[in-house]
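Here is a short tour to read alongside the model on your screen. We will start with the pockets, then walk through strands and aromatic rings.

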Amino acid sequence: MSLQEARIAILCLSLGAAASLEAADVSIPDLGTRHSGSDWPAFLGPTGDSRSSETGIRPWGDTPPPVVWQKRLGQGYGMPAISRGRLFQFSRYGTQATLECLHAETGAPLWKFEYATAYQDMYGYDNGPRAQPVVDDDRVYFFGAEGMLHCLRVVDGSVLWKFDTTARFNVVQNFFGVGSTPAVEGDLLIVNVGGSPAEDLNLPPGQLDRVHGDRSGIVAFNKHTGEIEYQLSSELASYASPKLATIDGRRWCFMFARAGLLAFEPKSGDADFHFPWRASILESVNASTPVVVDDLVFISETYGPGSALLKVRPGKYDVVWQDELRSRDKRMQMHWNTPIYHQGYLYGSSGRHRETAELRCIELRTGKAMWSEPGLSRISLLYADGHFVGLTEDGQLHLIRVTPEKFESVSHAILSSPAGEGEAGSSRMLKYPCWAAPILSHGLLYVRGADRLVCLDLIPPKTAKD
């Protein structure tokens, strides 16, 4: 075979594979029966801002929405991804990291995939995964706490590709392992990796101030094959996730990495700027995903500097406002949650510790505090239908009207365990820590505690009488 014939053959194989992939995408059956509403295929939902477009919430008083189904989980902190009636939950059982595919409306098991993991948290926290699965057409991606990145087929869990980022990029274990959820952009999977020179692997655990980057802060993979398309930045990894946005017709990606905000063009990997923003103390992390509104980018952390608002343009930024480093009066201090923007205002749980955290509303463009509500511990929010559904870290469910005027509670309740399942002295269905924000898909609200995922009927399906 001549070289030209070989190239033609390879091209034909590539085109055939692409055609088969497109056909597979079209032929994936939708297992759902609730056709109003939308899927929740990625971290922070279909629009990447923890906002749902679904309407019809019925306030529940002291009695929470009815439980549709529930499931005991292994170790882990992340919420599921939901697509075409399938729910993908990433957990750890014993030494096995496990992706389970369930029927989203019933919890019935469809398939599961397992791989061996030896991750051990150096601070004694949960040894399970932190990142949420991401569904894109006929593929589901998930990133383990030890750094294993997988791509499976959604219909049967067969492996399409996998990549050991820790081994390939010499990733020194971060404080709490890997906790950044990848993001899909076109044909790319954008991942916050943060590798180092090989000699840094010999450093004592936890001394990240002595760890250096090695041009793998961001790694973009071909989402179909797992091949590396580009690498960007010597930043180390954080616990925030990549934020994709379109500003004045141009695509952007913002990564709130370990030492600050990295802005770049996601298709090419060309960097625009780096804005330093990190606490001076060693044991601190950036974990809140940036919020983008028009050409404004908001970032926040809770260990030191607080928050900043930037006005961006290609290659540059201007600081609109930022918290004073030496001041104790910070506008907002997000821990692991991402604040939610609504009609000119940001809402989020501000504060590092559960005893002192406050649910807060600030005006985005000025940083002016509108109100603060203490006593809710650290609460995670979902926006839907003019309300926030909030889950406190000790398992209380709240419905809060969204208004910058004042904190306005509509109702709250505690989910009670079924008879015989509660622990001694407690009947709560959701055990501390409840650190993941609720999600909403096709009227079903999903919440999780330490070891249980619960599905609630928040927006009942419409009937012929409705």
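By class, the residues that line the largest pocket are 27 nonpolar, 14 polar and 4 charged. In this count, Ala, Val, Leu, Ile, Met, Phe, Trp, Tyr, Cys and Pro are nonpolar, Asp, Glu, Lys and Arg are charged, and the others, Gly among them, are polar. Please keep in mind that this is a predicted model, where local features need pLDDT of at least 70 and side-chain atom pairs count only at pLDDT 80 or more, while totals for chains, interfaces and linings use all residues. Residues are numbered from 1 along each chain as its sequence is written, and side-chain values use heavy atoms, with hydrogens and water left out.

A pocket here is an open set of points on a 1 Å grid over the protein atoms alone, where a 1.4 Å probe fits, with protein on both sides within 12 Å along at least five of seven lines; lining residues have an atom within 4 Å of a point. Volume is the space filled by probe spheres set on the points, which are joined across faces, edges and corners. The table puts the two pockets side by side.

| Pocket | Volume | Lining | Nearest the centre |
|---|---|---|---|
| Largest pocket | about 1,000 Å³ | 45 residues | Tyr239, Ala287, Trp336, Asn337 and Trp435 |
| Second largest pocket | about 440 Å³ | 22 residues | Ala42, Gly45, Gly48, Ala183 and Leu244 |

Strands E7 (134–136), E11 (183–185) and E15 (243–247) each give two or more residues to the lining of the second largest pocket. For the largest pocket, strands E24 (345–350) and E27 (379–384) each supply at least two lining residues. Strands are DSSP runs of at least two residues, labelled E and numbered from the N terminus.

Strand E27 also belongs to an open sheet of 5 strands with mixed pairing, in the order E1-E27-E28-E29-E30. Its edge strands, E1 (51–52) and E30 (408–414), each pair on one side only. Two strands pair if DSSP finds at least two bridges between them; E1 and E27 pair in the parallel sense over 2 bridges. Here Arg51 stands opposite Tyr383 in E27. The charged end of Arg51 also sits over the ring of Tyr383, 4.1 Å from its centre (the test asks for NZ of Lys or CZ of Arg within 6 Å of the ring centre and within 35 degrees of the ring normal).

Rings of Phe, Tyr and Trp (its six-membered ring) pair if their centres lie within 6.5 Å, and planes under 30 degrees apart count as stacked, over 60 as edge-to-face and the rest as tilted. The centres of Tyr383 and Phe388 are 6.1 Å apart and their planes are at 75°, so this pair is edge-to-face. Both residues, Tyr383 and Phe388, are buried, where buried means under 20% relative accessible area, exposed over 50% and partly exposed in between, with a 1.4 Å probe and protein chains only.

Finally, look at strand E8 (residues 139–143). Why is E8 described as largely enclosed by the rest of the structure? The reason is that 5 of its 5 residues are buried. Arg139, Tyr141 and Phe143 lie on one side of E8, and Val140 and Phe142 on the other. E8 pairs antiparallel with E7 over 3 bridges, and 5 bridges join E8 to the antiparallel strand E9 (residues 148–153).

Note on methods:
Helices (H or I, at least four residues) and strands (E, at least two) are DSSP runs, numbered from the N terminus.
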